Structures are given as structure tokens and as C-alpha cells.
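Please keep the sequence and the model in view while reading.

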Amino acid sequence: PPAPPTPSYPAAVPRAGAGGLEIMGKGRSNAAEKGEGEVSMAGKMANFVDSKMNDAFTKLGLAVATNPWRTIVVAFVVFFLTVMGAVFNFQTESRGEKLWIPQNTQALDDQDVYESYFPSEARFNTVIFVAESGELLSPEGLAVLQEAFEFVEGITVEDDGQTLTFQDVCLEGNTGGYPCVITSVLENWGFNGTTLAADADPLATINAENTVSELERYLGGVSVAGDDVTAASAARLNVFLRSNSEVVDGDEIDEIGEAWEEEFLDYFIGRTLTGANGVRIECYPQATRSFSDEFGSAIQGDVALMTAGYFIILGYLAINLGEYTRVKMRLALSAGCLVAVGMSVGTSIGLSSAFGQFYGPVNTVLPFVLLGLGVDDAFVIVNSLDQTPPLPGERLEAPTRMARALGHSGVSISVTSLTDFVAFAISTSTVLPGLSTFCVYAAIGILALFGYVTTFFTACLVIDSRRQAATRMDCCCCIEAPLPSQDKAEVEYVRPVSRVSLFLRDYFAPFILKPGVREAIILGFLAMFGAFAHSATLLSVESSDRSFIPDGSYILDTFDQEDTYFAGRGTPVEVVTTDMDYYASQGVLLSLKERMSGRETRKPYIKDPSDEGSGYESWLEEFVAYLEVANPGALTTDADGYRVVATEADFYAELRTYLNAAGSQYNSSVAWQGSEEIAASRIGFEYVSFLEDDPRGGKRDDTAKQVRAMDGMRDLVASWDDVEGFAWSYSYLNWETFKIIYRELIQGTGLALLAVAIITLVLIAHPVASGLVFLCVAMTIVDILGVMFYWDLVVDSVSVIMLVLAVGLSVDYSAHVGHAFMTKQGTNEQRVIAALSDIGAAVLNGAISTFLAVVLLSQSDSYVFRVLFKQFFVTCVLGVGHGMIFLPVMLYFLGPKPYSNEGSTSPHVEMVRTEPDVAQNPGATAPKPTGA
């Protein structure tokens with residue numbers, strides 16, 4: 001329908017409202033009107049800020065309401081322009097080291113140096129074979145393992161029309177005479193089935209060639225008699241492929257390796273191998289591609305849950321934004337709210353891409369964040385319009401009415417939106433790239449959402465108001481739905497207070513303000529804060545790598561077998577030497593074994609290299625041992641008693657010969673520069689196991705000890721004046737995260753709370769009111785940390801992100817109530833009741849809708865979405881509890897004077913329920929409460 005002529009902007013005047021409603025212009029408190037005391041400086045500042053913001057949003061509301069269709073067109077133009085950034089520069093990133101490894105750390109610097117000498121060249125694949133009866137080492141069990149290896153050996157892949165065999169794609173090496181790098185008990189027979197079948201006593205062969213510690217590299221659950229292994233319940237087959245990976249759009253792609261691993265996994269997943277005499281062996285595989293496959297499938301499987309969540313919100317909005325009639329239903333307006341949220345997501349992706357920010361896996365939660373905030377803002381704006389009655393001579397759909405409604409609600413949603421924006425903007429300073437880029441997307445998305453809600457959604461609301469005034473059906477606005485005269489009269493007035501608002505005004509608010517109850521509420525919330533603060537101190541930093549694997553995945557079964565049979569293995573670590581005269585430093589390098597002895601129980605917690613199975617591997621020590629047999633005349637004894645090569649010429653010549661033949665397994669431990677100069681070398685050690693008992697059951701890594709071990713190893717190597725080099729382990733990349741993640745939690749949350757304090761102070765503009773809002777948000781965050789402990793959540797990169805989100809969400813629940821209190825008149829008790837009656841229903845609807853958006857994610861297989869559900873659920877419950885119970889009671893005791901707003905051209909209006917004057921108007925009846 002066409003817009004009516006715009007009337008002149010009327011001043012607010014007291015008037016008797018229809019159906020028992022009294023509309024009162026906003027003014028100073030009773031005390032101020034009587035001249036009892038002067039307004040403080042803080043009060044004057046609050047009045048000034050509120051007046052200016054109210055005027056600004058009133059002008060915006062008038063412009064939008066006068067030209068709603070033009071506003072919608074402009075909003076779509078802005079959307080399409082901003083989303084173009086994603087069209088031309090959208091980048092994804094899924095590599096863990098690019099997402100969750102702190103930038104500018106020693107581990108990344110050392111990795112660059114390490115891989116310049118020893119590039120990563122292998123893809124790791126393994127199968128754990130389990131026979132609980134311990135018959136793996138019987139002739140029948142070994143025959144089954146040989147058959148499994150022969151299947152592996154027979155896998156072929158196609159590449160540009162060429163068939164590649166296993167030996168074409170494997171990492172070249174020498175394992176028991178086989179030309180590939182493989183770890184298996186079968187290496188004792190050179191992976192030759194005929195040799196194995198001809199062996200009359202396989203156990204004797206195994207024990208003759210290996211010590212127990214050496215066999216435990218690939219055997220688990222071993223039974224030992226004396227120095228011999230008699231049985232084993234598990235054996236592993238490790239296969240290394242040559243890596244041909246390249247980075248494409250943030251993903252590492254290796255078509256040959258991935259194709260080979262696909263066949264490898266298809267064969268072994270869930271397979272039970274059988275042999276003679278009833279031998280049964282279970283297979284538990286894992287490949288390099290396994291993690292990305294499983295995590296990706298979990299995310300894709302949640303698309304249906306995400307879509308269903310949006311439909312639930314659409315239904316909830318339709319039910320609660322309007323009434324259950326053909327005209328007053330607001331299904332189309334609800335869809336407009338979701339469109340505004342979708343537009344903000346698109347703008348966020350577009351502008352972030354234009355700024356060079358990649359899109360990471362965790363960014364998939366962004367639509368839920370913006371959905372929760374957008375729905376909350378929509379309820380506040382619609383609630384404000386519904387409670388803004390037309391003034392004398394003003395039609396229901398008049399632009400001036402929308403202007404007054406947005407003038408009131410715009411200030412409220414500004415407090416929450418700008419606080420959320422600044423909180424995320426500050427959090428972009430984190431050293432975790434995955435968190436930083438998410439915060440960029442979220443900050444831009446929140447700012448875009450604020451713009452679209454105050455323009456696009458407001459324009460949709462104006463059009464919907466015109467539709468209702470013309471009594472046209474919802475979603476079918478071309479069809480007029482004539483109403484009975486009584487109902488048609490209702491369209492012309494502000495709709496009555498909802499049942500929720502009536503409950504909050506008549507029952508809930510008076511109850512929490514009762515003497516004794518209000519004191520009990522304060523003591524109860526403070527006691528809860530103290531208990532959860534203590535629980536928060538018990539939160540542990542843990543690796544969540546396994547949590548990203550969906551429930552029921554075969555990888556979890558493989559990890560369980562790994563923990564059962566091979567948990568004693570420690571983390572390998574290497575001393576990498578560079579820029580040394582290796583001939584002159586032979587004694588120094590040989591002395592590293594002694595220098596690392598006796599450090600199992602003190603930093604850096606290294607297994608004693610002299611012990612069997614310690615993981616100690618020295619190319620130089622093995623080289624000297626080789627010469628003792630092959631060419632003892634080339635050796636001499638140095639001043640420290642170490643056997644070393646006598647001449648430099650012999651050293652390099654003999655070393656070349658050794659590494660190319662008998663010592664080929666150590667060839668990759670020496671990086672050459674030219675024919676007679678070593679650029680770098682590496683000597684391997686092994687940490688003790690860092691597994692500890694988990695109070696929740698099972699085992700977990702002691703991450704604090706891992707960090708101490710890393711720092712201790714670095715300090716130890718740096719203290720050696722005669723060694724140029726550094727300590728390195730690929731595990732250091734994760735341990736660096738453990739080292740800083742708790743600091744990131746405190747820093748990120750602290751900065752977000754600081755943003756809350758500053759923005760609420762500026763926009764609410766009164767130190768007491770903003771201080772109480774900040775107190776509620778801070779207590780909510782501490783309580784959430786405490787609940788995390790009881791809900792088995794740990795401090796990791798995902799929970800840090802979700803906690804920043806919690807700050808943004810919890811602000812909404814408290815800031816709306818705090819701002820509404822400042823706009824109400826009367827005693828503090830009257831103002832608390834009026835504030836809860838006015839804004840409480842919108843706050844509850846916002847919280848409920850946020851919960852409904854993620855409730856289906858409780859069934860997700862994805863760790864990210866499960867944590868999202870838990871954090872949002874806890875945030876909704878605790879945020880609403882603090883915002884609608886604790887804060888009102890605190891405002892009752894400590895609330896400052898309201899805004900006076902003198903001189904404002906757009907005075908607020910508030911609605912007070914009164915009984916109809918039946919004596920003067922016998923036909924008058926009290927208005928019916930409407931839906932939720």
C-alpha cells in the first residue's frame with residue numbers, strides 16, 4: 001500500500017490510552033521535577049549522550065520509514081558490492097600449522113631452518129594388527145601379516161596414464177634389504193613370504209636379530225621370558241610414501257599419495273584377517289589423509305543440522321514477532337530478519353576476503369553468532385515499535401512513529417553491537433591465526449549486521465506496518481483480509497502488552513525485589529561466582545586434536561589401540577647441528593650421548609641414551625662402529641677417549657661410502673653441501689612418556705610438562721658453547737600453542753571485557769549503570785569458565801574462540817536491561833519493574849532464539865559444533881540469569897537517576913498498564929494479553 005502523507009512531528013503529550021493504556025512522555029525523575037538535588041556531572045553526560053544518540057536514530061528511522069523501498073534497494077546494492085571481495089579474493093585454509101600454531105614463535109623459525117636442510121618428504125601410513133590371544137608371532141599369525149603386506153605392496157595408482165607400483169611411490173630406503181622405508185616385524189625376513197615360510201622357528205629368528213627394546217618399536221603387548229620375546233598381542237606396519245604435495249587454495253594436495261591411501265584405507269578399515277588354526281587378527285589403520293577426511297565429513301554432515309536450525313528460528317520469529325491472525329502474523333518479516341543476517345554474513349566474507357583474510361574451518365560458526373545477535377536486535381526493534389503508540393492524529397503506519405521507535409531501540413542495540421564489534425576487533429591481535437581471522441570476520445559481520453538491521457530490517461518492518469494498516473494478509477499482501485469492526489479498531493492502536501511482559505511486570509519483578517529475596521539473590525549469585533571461580537582455576541590446557549575427530553570414526557579406534565599397546569613410546573626430538581667443522585667436532589658430537597644421560601626425571605626429561613629402546617640414534621656413533629669392523633686403521637683415539645676418524649680425507653670419503661651402503665638408513669640424517677662438506681646433521685633422542693591419569697578417566701598428556709621439556713631442551717642445547725645448533729621436534733609446533741593458549745585465554749577475554757567496560761561507559765554514559773553491566777558480564781564469563789570444568793571442556797583454541805563469543809552474547813542480556821532502566825522514571829523499584837516489562841520479553845526471546853539456533857548441534861559429530869552448543873547454552877542461561885535477575889536487584893540498590901533528555905526533539909514514550917474507567921465508559925474492557 002502507498003505511504004500516507006507524512007504529518008508534522010508532534011510533541012509527546014500525556015493522554016488516556018485506549019483499552020486501559022496510559023501513554024506518558026519521557027521526563028526527569030520525580031525528584032528532579034521537584035528540584036530535589038541537582039543532576040551530577042555523570043548524569044549530565046549520560047543525558048547528553050542519550051539525547052544525541054536518540055536524535056540520530058530518530059532521524060535515521062524517519063528517513064528509512066519515509067523511503068523503505070529505496071532503503072531496501074540501497075541495502076542490496078551495498079551487499080552485492082561488498083560480497084564481490086569474496087568473488088575475486090576468497091581463500092580457504094585448513095592446514096593446522098597455518099591455523100593454530102602461534103606466529104612469530106621459535107618453533108616456526110626453527111621449522112624453516114630445519115626443513116631447509118631436511119625437507120618433509122614422506123606421507124605416513126600405519127596399520128595396527130591386534131590378536132588378543134597373543135598369536136601374532138606364531139607361524140600362522142606371521143603368515144597373515146605377510147599376506148597383508150603383500151596386499152599393500154600390490155596397490156597401484158594411475159598418473160597421467162601411467163601405472164605406478166608401490167615401489168614407485170614409496171619413500172626410498174633400505175629396510176631389511178627391501179628398497180622402501182617400512183617398519184614391521186617382517187623386516188626380519190626381508191618382507192619375503194618364501195623366506196618366512198621356510199623359517200622353522202620364527203621366534204628364534206626374531207630374538208636373534210633384535211633386543212626386546214628394539215622389537216617394541218613395532219610389537220605391543222609382548223610377553224618376555226628372560227631376554228627373549230615369546231608372544232605379542234599387537235604389531236604395527238608403518239609404510240612411508242614419497243610426498244608430492246603442493247598447496248592449492250590453502251589445502252595440501254597430493255593426488256598420487258591420496259589415491260594410494262584411499263585404497264589402503266578401503267582395504268583395512270574394519271577388516272578382520274583370518275589364518276590357519278583359527279587365527280583372527282583385527283586391523284586398525286590410519287593414513288596421512290585420514291584426519292582431513294574425517295573432519296571434513298563431520299562438517300559436511302552438520303549442514304542439515306544448520307539448515308534445520310534456521311528453519312526453527314524462522315518459525316520461532318513468526319510466532320513471537322506477531323500474533324496468530326492472518327493480518328498480524330509476521331512470517332514475511334521473520335524471513336526479512338534472516339535475510340538481514342544472511343546479508344551480514346555475505347558482507348563479512350566479502351570484505352574480509354578483500355582484506356586478505358582466509359576462511360578457516362571455525363568460521364563456519366559465524367552464521368550462528370550473527371543469527372543470535374540479529375534475532376535479538378530484531379526483537380528489540382519490533383518490541384519498541386509495538387510499545388510506541390500513535391500520537392493524536394498520527395496513523396499507525398506513520399513514519400514518525402517508526403522514527404520514535406528506532407530512536408529508542410537504536411540506542412539499545414548500539415550498546416550491544418558496538419561492544420561486540422570492539423571486543424572482536426581487539427581480539428584480532430591474537431597470535432593464533434585461526435582465531436585472529438575469525439575475529440576479523442566476526443567484527444565486520446557484527447558491524448554489517450548493525451547496519452542491515454537498522455536499515456533493511458527496519459524498512460521491512462515499515463512495509464509490514466503498512467500492510468497491517470491496510471488489513472492485508474501476511475505473505476500474501478495482495479489479498480485483503482477484512483476484519484470485524486472490533487478487531488479493525490485494534491489495528492489502529494498499539495497492541496497490548498504480551499503475556500511474558502505481564503508476567504515479568506506483575507509477578508517476576510516484584511518477587512525478585514521482595515525484602516529477603518533480593519538479598520538472597522545477591523548472596524546466591526556471589527556464592528555461585530566464588531564456586532565457579534575456583535573451578536575455573538582447575539581448567540587444564542590439553543591437546544584437542546582427537547576431539548576434532550567425529551564420534552564413531554575408525555581413527556579413534558586406531559588411537560585406542562595405540563594407547564593400549566604402544567603408549568610407552570615417547571616423543572622424538574633431535575639435536576640439529578649447523579655451521580660446524582664436523583671432522584674437528586667428532587668428539588663433541590659423540591659426547592652428546594653422555595651429556596643427555598640422567599635426565600629422565602629432570603628437565604628436559606630425556607630417556608637415557610645408554611638404555612635400550614631409548615630412541616637414541618647417532619649417525620656418527622654408528623659410522624664409527626662400522627669402521628671399527630670395516631677399516632679400524634682409519635680410527636684413532638682423541639684426548640677425551642672417543643674413537644674418531646684420524647684424517648679429514650678419510651672422514652668424508654668413508655662417510656660417503658657408509659651412508660650410501662651399510663648406513664643408508666642414516667643417509668637422511670646428514671645434509672651435504674658439495675661433495676666434502678656437511679651443511680647440517682641431526683642426532684635423535686626421545687622424551688619420556690608424558691601420559692598421566694586423567695581425573696575424568698583414561699589417560700591424557702601432561703601439557704605443562706611438555707612445555708617444560710621443550711624449554712628445557714632448548715636451554716640445554718643453547719648452553720653448549722661447542723655446539724652450533726638447536727633442538728627440534730615437530731611436536732614443538734603444538735607445544736608452542738600449549739605454552740601460550742592460557743595466556744591467550746586471559747588476554748583475549750580480558751581485552752574483550754575491557755571493550756565492554758569502555759563502550760558501555762561511553763554509550764550508557766553513566767559510570768554506575770555501565771559498571772553494573774560490566775560486573776554482570778564479567779561474572780558471567782567467570783561462571784562459564786567454571787561450568788567448562790564440570791562439562792569436561794578444556795582450554796584449547798576452540799574454547800578460546802567460544803569464550804570471546806560468550807562475551808559478545810552476554811553483553812546483550814545485561815546491556816539492554818541496564819539501558820532500559822536508565823530510560824524509566826520513578827523510584828528504583830518502579831524503574832526496574834518498568835524496564836523488565838519493557839525489554840524483558842525481547843531479551844528472553846533473543847536468548848531462546850539463540851539457543852534454538854544451536855540446539856540441534858548437540859547431536860553433531862563435530863567437536864567445534866558440540867563446543868559451540870555447550871558454550872551458547874551456558875551463555876544463554878547464565879547471561880539471562882545475570883541480566884534479568886542479578887542486575888535488576890543491583891539496580892534496585894545502586895541504580896543512578898534516569899536520563900532527563902531535556903531538549904530532545906524525539907522524546908521516548910513508555911507504556912503503563914492502567915485499569916479502564918468503567919464508570920465513565922461502561923463498554924470499556926481490559927485489553928487481552930497477546931501471545932508470547
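## Cysteines

C337 is buried, at a relative accessibility of 2%; here buried means under 20% relative accessible area, exposed means over 50%, and partly exposed lies in between, with a 1.4 Å probe and protein chains only. The model is predicted: local features need pLDDT of at least 70 and side-chain atom pairs count only at pLDDT 80 or more, while totals for chains, interfaces and linings use all residues. Residues are numbered from 1 along each chain as its sequence is written, and side-chain values use heavy atoms, with hydrogens and water left out.

C283 is also buried, with a relative accessibility of 4%. C337 takes part in no disulfide, and the nearest cysteine sulfur, belonging to C460, is 9.6 Å away.

## The disulfide

The structure contains 1 disulfide, a term applied to a pair of cysteine sulfur atoms within 2.5 Å. The partners are C170 and C180, with their sulfur atoms 1.9 Å apart. Because the torsion about the S-S bond is about -65°, this disulfide is left-handed.

C170 lies in the loop between α7 (166-169) and β6 (172-175), whereas C180 belongs to strand β7 (residues 178-180), 10 residues apart from its partner. Helices (H or I, at least four residues) and strands (E, at least two) are DSSP runs, numbered from the N terminus. Both C170 and C180 are buried.

## Serine 352

S352 is located in helix α14 (residues 331-354). Is S352 buried or exposed? S352 is buried, because its relative accessible area is 0%.

A polar atom of the S352 side chain lies 2.7 Å from the backbone oxygen of S348. Neighbours within four places in sequence aside, S352 is in contact (heavy atoms within 4.5 Å) with Q357, V440, Y441 and I444.

## Packing of two helices

Helix α16 (residues 399-427) packs with helix α27 (residues 731-764) at an angle of about 150°, and their axes are 8 Å apart. Axes are lines fitted to C-alpha atoms, for helices over the stretch in contact, and angles run from 0 to 180 degrees between N-to-C directions.

Among the residues of α16 that meet α27 are S414, L418, V422 and I426, and those on the α27 side include G748, A752, V756 and L763. The contact of α16 with α27 comprises 12 nonpolar, 5 polar and no charged residues. In this division Ala, Val, Leu, Ile, Met, Phe, Trp, Tyr, Cys and Pro count as nonpolar, Asp, Glu, Lys and Arg as charged, and the others, Gly among them, as polar.

Notes:
Polar contact = N/O pair within 3.5 Å; in protein donor to acceptor, adjacent residues only side chain to side chain.
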